[in-house]
Amino acid sequence: MSSSDIPEIERLADAAWPAAEQVSLGPWKLRATGSVTHRANSVFAVTRGAVPHDVTPLIAAAERFYDARRLWTVFHISPAVVPRDLDTILEARGYESESASEVWTADADGT
């Protein structure tokens with residue numbers, strides 16, 4: 001696996017465990033399920049689409065979406081998010097890193 005595979009792996013992982021509610025927010029996807037899982041209740045910012053230079057309006061819209069559902073606003077952060085410095089932007093808004101998760105891969109042929 002190379003770092004160029006990460007966006008596709010992220011998309012496959014998202015598709016394998018879909019949230020009950022999925023709403024497009026420009027280039028991002030808002031996911032809500034209502035359970036305790038962060039992954040299924042988070043902003044998925046892995047995209048092939050263009051992302052505006054100023055993502056503040058997107059972040060504010062995501063916050064309103066999750067507030068309306070009485071959920072914490074959580075962003076799925078990985079090396080594949082766009083913009084690449086999203087974690088830094090969120091940190092400046094008071095967000096903190098909370099829980100890490102791992103995605104493991106293996107060759108299907110067993111080698």
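This is a predicted model: local features need pLDDT of at least 70, side-chain atom pairs count only at pLDDT 80 or more; totals for chains, interfaces and linings use all residues.
Trainee: Okay, let's start with the strands. How many form the sheet, and in what order?

Mentor: Four strands make up an open sheet, running β1-β2-β3-β4, and the pairing is mixed. At the edges sit β1 and β4, each of which pairs on one side only.

Trainee: And β3 with β4, parallel or antiparallel?

Mentor: Parallel, with two bridges joining β3 to β4.

Trainee: Which strands does α2 touch?

Mentor: α2 packs on the sheet and touches β1, β2, β3 and β4. The direction of α2 makes about 15° with that of β2.

Trainee: Now the inside. Which residues touch the most other members of the largest nonpolar core?

Mentor: That core has 18 residues, and the ones touching the most other members are Leu25, Trp28, Leu30, Val43, Ile59, Phe75 and Leu86. Two or more residues come from each of β2, α2 and α3. The element that gives the most is α2, with six residues.

Trainee: Why would those side chains sit together?

Mentor: In soluble globular proteins, nonpolar side chains tend to be buried together.

Trainee: What about phenylalanine 75 and tyrosine 95, how are their rings set?

Mentor: The ring centres of phenylalanine 75 and tyrosine 95 are 5.5 Å apart and the planes are at 85°, so this pair is edge-to-face. Tyrosine 95 is in the segment after α3 while phenylalanine 75 is in strand β4, so the pair ties together parts that are 20 residues apart in sequence. Through these ring pairs, Trp28, Phe75 and Tyr95 are linked into a cluster.

Trainee: Switching to charges. How many salt bridges does the structure hold?

Mentor: Seven. Among them is the one between the side chains of glutamate 8 and arginine 48, at 3.2 Å from N to O. Glutamate 8 is in helix α1, and arginine 48 is in the loop between β3 and α2, 40 residues apart.

Trainee: How exposed are glutamate 8 and arginine 48?

Mentor: Glutamate 8 is partly exposed, with a relative accessible area of 34%. Arginine 48, at 66% relative accessibility, is exposed.

Trainee: Which residue forms a salt bridge with lysine 29?

Mentor: Aspartate 14, with the closest N and O atoms 2.4 Å apart. Lysine 29 lies in strand β2 and aspartate 14 in helix α1, so the pair ties together parts that are 15 residues apart in sequence. Aspartate 14 is buried, at a relative accessible area of 5%.

Trainee: And glutamate 21, which side chain does that one meet?

Mentor: Arginine 69, in a salt bridge of 2.9 Å from N to O. Here glutamate 21 is in strand β1 and arginine 69 is in the loop between α2 and β4, 48 residues apart. Glutamate 21 is partly exposed at 29% relative accessibility, and arginine 69 is partly exposed too, with a relative accessible area of 32%.

Trainee: Which residues do shared partners join into a network?

Mentor: Asp14, Lys29, Arg31 and Arg39.

Trainee: Last topic, the backbone. Where is the cis peptide bond?

Mentor: From valine 82 to proline 83, with omega near 5°. Proline 83 lies in the loop between β4 and α3. Also have a look at arginine 70, a residue other than glycine with a positive phi, near 55°.

Trainee: Why point those out?

Mentor: Because most residues other than glycine have a negative phi, and most peptide bonds are trans.

Trainee: Where does arginine 70 lie, and is arginine 70 buried or exposed?

Mentor: Arginine 70 is in the loop between α2 and β4, and exposed, with a relative accessible area of 81%.

How values were computed
Residues are numbered from 1 along each chain as its sequence is written. Side-chain values use heavy atoms; hydrogens and water are left out. A salt bridge is a side-chain nitrogen of Lys or Arg within 4 Å of a carboxyl oxygen of Asp or Glu. Buried means under 20% relative accessible area, exposed over 50%, partly exposed in between (1.4 Å probe, protein chains only). Two strands pair if DSSP finds at least two bridges between them. Contact means heavy atoms within 4.5 Å. Axes are lines fitted to C-alpha atoms, for helices over the stretch in contact, and angles run from 0 to 180 degrees between N-to-C directions. A nonpolar core is a set of buried Ala, Val, Leu, Ile, Met, Phe, Trp, Tyr and Cys residues joined through side-chain atoms within 4.5 Å. Rings of Phe, Tyr and Trp (its six-membered ring) pair if their centres lie within 6.5 Å; planes under 30 degrees apart count as stacked, over 60 as edge-to-face and the rest as tilted.
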